Amino acid sequence: MAGAGDEALPPAAAPPTPIWFDLVNPEPGEIRLVEQALAIALPTRDEMEEIELSARLYQEDGAEFMTMTALAGLDGDDPVKTPVTFVLKGASLVTIRYADPKPFAAFSARACRPNGLVCISGDTVMLGLLEAIIDRLADVLERAGNEIDAVSRGVFRAKTAKGKTGSKDDGKGKTGASSRDLQALIEQIGRKGDLITATRESLVSISRLVAYHAALEVPVRKTAKDIRQRIKLLQRDAGSLGDHAEFLQDKVNFLLEATLGLINLEQSQIIKIFTVASVAFLPPTLVASIYGMNFETMPELSWKIGYPMALGIMLLSALLPFLVFKRKGWL
């Protein structure tokens, strides 16, 4: 019992709930702690990988569950697709991921700097992460576009480059400009196409996530004009990058068809050379066949100039078709 002069002590204040729970390859114990702190049930990895829209964007226990397709390993041509789930509950955000895309580390570094990003709620953290992811995808598309332009120059200026400079390498391996290795060129175009396709898939998932988030009626968001403005910018950026990715995909398809066409032309050129050679050697073969017959009476057999004459006729009959083909531009 407290005395008359004692003051009642306030109850111990509960620790504030963190704004951002970033679960990377979470252990079962970590998942249970977050579920108890926010009174929600987090999705499993199998549930995150489902492709149905209803399994990726839904509300439960007063929280928003939003899953998108992120890309890791974008420094090369073999990106890895991985699901990332955002869970908004009140002012807290939970991110669940089983890979480490660079935008997450970049966003964390920017947020920890003095006078860095303002993160007052889970909503602002999620939007900041999405902005970092979109910036990363924009850089990837820009790099892919420059490399596709280099491939295009290798495809359409190969003959000129070979005639003027001989051997040429763009630093990323042979593009076929000097070596005419069109098979390697097709493989390179295919890798660029896979990269752009994966980027488009990620952008589509971001657009769906942002549209779903914007459509929900959350009282906290109604009073935040800057949040609504950032959501509109995200939707616009994702849409414009999706259009750019579609343009690059069309260009990749065009380059692939052009490369296949060049392969067909080279094969046709080789077949044409063999055809011309066979036609040019037909008359000498005919002459040799005539004088190779074993008839008893052949006047030329007794001529002293018979053998040189036969060789001369054979040479002349081979040169005449060659000159005719050359004049017509067939060689």
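By class, how many nonpolar, polar and charged residues are in the lining of the largest cavity?

A: Seven nonpolar, no polar and one charged, by class. The classes work like this: Ala, Val, Leu, Ile, Met, Phe, Trp, Tyr, Cys and Pro are nonpolar, Asp, Glu, Lys and Arg are charged, and the others, Gly among them, are polar.

Some ground rules before going on. The model is predicted, so local features need pLDDT of at least 70 and side-chain atom pairs need 80 or more, while totals for chains, interfaces and linings use all residues. Numbering starts from 1 along each chain as its sequence is written, and side-chain values use heavy atoms, with hydrogens and water left out.

Now the cavity itself. Searching the whole structure turns up one cavity of 30 Å³ or more, and the volume of the largest cavity is about 50 Å³. A cavity here is a set of points on a 1 Å grid over the protein atoms alone where a 1.4 Å probe fits but cannot get out, and a lining residue has an atom within 4 Å of a point. Grid points are joined across faces, edges and corners, and the volume is the space filled by probe spheres set on them. The lining is made up of Ala70, Leu71, Leu74, Pro101, Pro103, Ile133, Arg136 and Leu137.

Next, salt bridges. The whole structure has 11 of them, each one a side-chain nitrogen of Lys or Arg within 4 Å of a carboxyl oxygen of Asp or Glu. In one of these, lysine 102 pairs with aspartate 75, with the closest N and O atoms 2.7 Å apart. That ties together distant parts of the chain: lysine 102 belongs to helix H4 (residues 102–112), while aspartate 75 sits in the loop between strands E3 (63–72) and E4 (80–89), 27 residues apart. Lysine 102 is partly exposed at 49% relative accessibility, whereas aspartate 75, at 53%, is exposed. The cut-offs are under 20% relative accessible area for buried, over 50% for exposed, and partly exposed in between, with a 1.4 Å probe and protein chains only.

Lysine 192 and glutamate 147 meet in a salt bridge of 2.0 Å, N to O. Lysine 192 is in helix H7 and glutamate 147 in helix H5 (residues 122–156), 45 residues apart. Both ends are covered: lysine 192 is buried at 4%, and glutamate 147 is buried at 11%. There is also a network, in which salt bridges with shared partners join Asp22, Arg97 and Asp100.

H7 also reaches E4. Glutamate 201 and lysine 81 form a salt bridge with closest N and O atoms 2.8 Å apart, linking helix H7 (residues 182–215) to strand E4 across 120 residues. Glutamate 201 is partly exposed at 36%, and lysine 81 is partly exposed at 46%.

Look at E5 (residues 92–97): six of its six residues are buried. Ser92, Val94 and Ile96 cover one side, and Leu93, Thr95 and Arg97 are on the other. E5 runs parallel to strand E1 (residues 20–24) over five bridges, with aspartate 22 opposite threonine 95. E4 and E5 run antiparallel over six bridges, and leucine 88 has leucine 93 as its bridge partner. Their hairpin has two residues between the strands, and glycine 90 takes a positive phi near 65° there.

Definitions and conventions. Helices (H or I, at least four residues) and strands (E, at least two) are DSSP runs, numbered from the N terminus. On a 1 Å grid over the protein atoms alone, a cavity is a set of points where a 1.4 Å probe fits but cannot get out, and a pocket is an open set with protein on both sides within 12 Å along at least five of seven lines; lining residues have an atom within 4 Å of a point. Two strands pair if DSSP finds at least two bridges between them.
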